[in-house]
Amino acid sequence: MVTEELNRLFQSYTGSPAKEITELPSSGSNRRYFRLAGDQTLIGVNGTSAEENRAFIYMAGHFREKGLPVPRVYAHTDDYLFYIQEDLGDKLLFDAIGKGRESGVFSEEERRLLHQTITKLPDLQFLGADGLDFSYCYPQPEFNRRSILWDLNYFKYCFLKATGLEFQENRLEDDFLKMSDVLLRGSSATFLYRDFQSRNVMVKDGEPWFIDFQGGRKGPVYYDVASFLWQAKAKYPEDLRKELLEAYITALRKYIPVDERYFLSQLRHFVLFRTLQVLGAYGFRGYFEKKPHFIQSVPFAIENLRQLLRDDYPEYPYLCSLLRGLTELKQFADGIQKRVLEVKVVSFAYKKGIPNDPSGNGGGFVFDCRAINNPGKYERYNHFTGLDQPVIRFLEDDGEITTFLEHVCQIVDASVKRYIDRGFTNLMVCFGCTGGQHRSVYSAQHLAEHLHTKFNVKVHLVHREQNIEQLFNPTI
C-alpha cells in the first residue's frame, strides 16, 4: 500500500512509474523513506502525522524560496501522509566526520564541513524566519514555557524515573520552573531548528544540506548551537568545539550585534536543557521503544552531563545535585571507555563443527574457504599451517585467496564500522575449511591483523584446531 501510493505520486510527477523502489534505513521517527528510481531518482516519504508532514512541506518550500540548501518537495497527497522530494544522496555529515569521531582527530576536510555547516546556521535562523508563517509549525509555533516544561518532564518520566533514582518531585519541579525563566530571558523572532545535529545534515557535492526540520518553530538561536556542538555521539574535542562556536558567532554578527560574554553565559543553560531533552528522547526511544541506537547513545549523553556539571549552575541547586547522583549510578559508572568493540576471529575445521559464540549474541559471520585451492592436497604442506611461509607463498601466488579476502574485508569492515558507531561490544567472524589448517588459518590471521590496523579495535584471534590464541589490544 505504501509503495503503491508513493509510486502513484512518482508517476504523476515524472510521467512514468518507478522501475525500482528501495526502502531506506529508518531513523528515530515514525516516518518511512524510500528511494524511487525511474527516469529520475526521488525520495518518497510516508509519515503517520499529517500535521508534521504539512509543516515540513511548507517550511521546505519557504526555505527554498530564501535560497537555503534544503530538499525540494515535488508532490504530496491531499491528506499529507505521502510526499516525494529531492534525492540528496546517502552521505550524512555524521558519517562524513566518522574518522574524526572515532579517533578524536578531525581532518582538514572534516573541519571544513563542520565550519560550513555551523556558519550556515544563522542564515537558516534569520532568513528562514523572514516571512515564515509560524502557525504551520507542529506541535508548537514557538519555544515557550509549555514546550520547555514538556521537554523537562519528558526527561523526568522517560529517563530519570526509568533509572530508579529516588528524588523529590516538588523540588525538581521548582528548579524546572527556574530553568524555564532563564531560557526565556529575551525574546527572539528567529527560526529554531530544534534537532540541528550532524545526523540531520546531508553532504551533497561537498556542501551541507539540511533535512528533518519539521519540528522547528520560533525560538532563540542558542538552542540550535547547543544541539549541534554538544551532540552526544559527535564527540567534538574542546578545542574544535570552541573553534566552531567562534565561527558561528562571527557568522551571527552579519544579522545582529553579539555581546559574547552574555551569549556564552546564556548558551550554557541551553546546553544543559538540550542534554536533558536528549536523555528523555533516548529513554523513550531506547528503553520503551527498544531501539538499540538510542540505548547505545545514552553513555555519551551521560558523559556530556558529567562535563557540564564540572561548573556549577547555582540557579538549579536541587537539579544539579540530582544530576550528579544520576551520573554516579552503577549502570553509568563504567562510562564510555569500557564500551569497546571486541571482534573474535576464529579458524576451524568444518568436520569438527562451527564454533560457538560465547558472547551470547548467537554467532556472526561464517566464511567457507573450501572453494579456494587447497595446499593440503600436496604432501609437502602437510606439516605446515596458514601461518607458515611455504603455505602463505602457495596461497598468495595462486591468488584466489586474495580476491576472496578482498570481498570478506568489504563485508566485515562495513559491520565493524556500524558496530563501533552504535556502541556494540561483540562481533564474531569465523573461517572454515576442510582441516582447519591452511586456508582458514591464513584468512583468520589476515583479517585479524587488518581489523586491528584499520579500526584500532580489540581483536581476539583463535586458531581452534592448533589451539593458538592471540590478542590484539587497541592502542591508546
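Trainee: Which strands does helix H1 lie across?
Mentor: In this predicted model, helix H1, residues 2-14, lies across E1, strand E2 (32-37), E3, E4 and E5, and it runs at about 55° to E5.

Trainee: And helix H2, what does that one lie across?
Mentor: Helix H2, which spans residues 50-65, lies across E4 and E5, running at about 25° to E5.

Trainee: Is E5 mostly covered or mostly open, then?
Mentor: E5 is mostly covered, since five of its five residues are buried, with buried taken as under 20% relative accessible area.

Trainee: OK, the sheet itself: what's the strand order?
Mentor: The five strands form an open sheet in the order E1-E2-E3-E5-E4, and their pairing is antiparallel. Strand E1 (20-23) and strand E4 (73-76) are the edge strands, each pairing on one side only, and neighbouring strands of the sheet are turned against each other by 25° on average, ignoring direction.

Trainee: How many bridges link E3 and E5?
Mentor: Strand E3, residues 41-46, pairs with strand E5, residues 82-86, over five bridges in the antiparallel sense. Among the pairs, Leu42 has Glu86 in E5 as its bridge partner, while Ile43 stands opposite Gln85 in E5.

Trainee: Which residue has a positive phi in the hairpin of E4 and E5?
Mentor: That is Tyr80, whose positive phi is near 65°, in a hairpin that has five residues between the strands.

Technical notes:
Residues numbered from 1 in each chain as written. Predicted model: local features only at pLDDT ≥ 70, side-chain atom pairs only at ≥ 80, totals over all residues. Heavy atoms only, no water. Pairing = 2+ DSSP bridges. Helix = DSSP H or I, 4+ residues; strand = E, 2+ residues; numbered from the N terminus. Axes fitted to C-alpha atoms, helices over the stretch in contact; angles between N-to-C directions. Contact = heavy atoms within 4.5 Å. Buried < 20%, exposed > 50% of the residue type's maximum accessible area, 1.4 Å probe, protein only.
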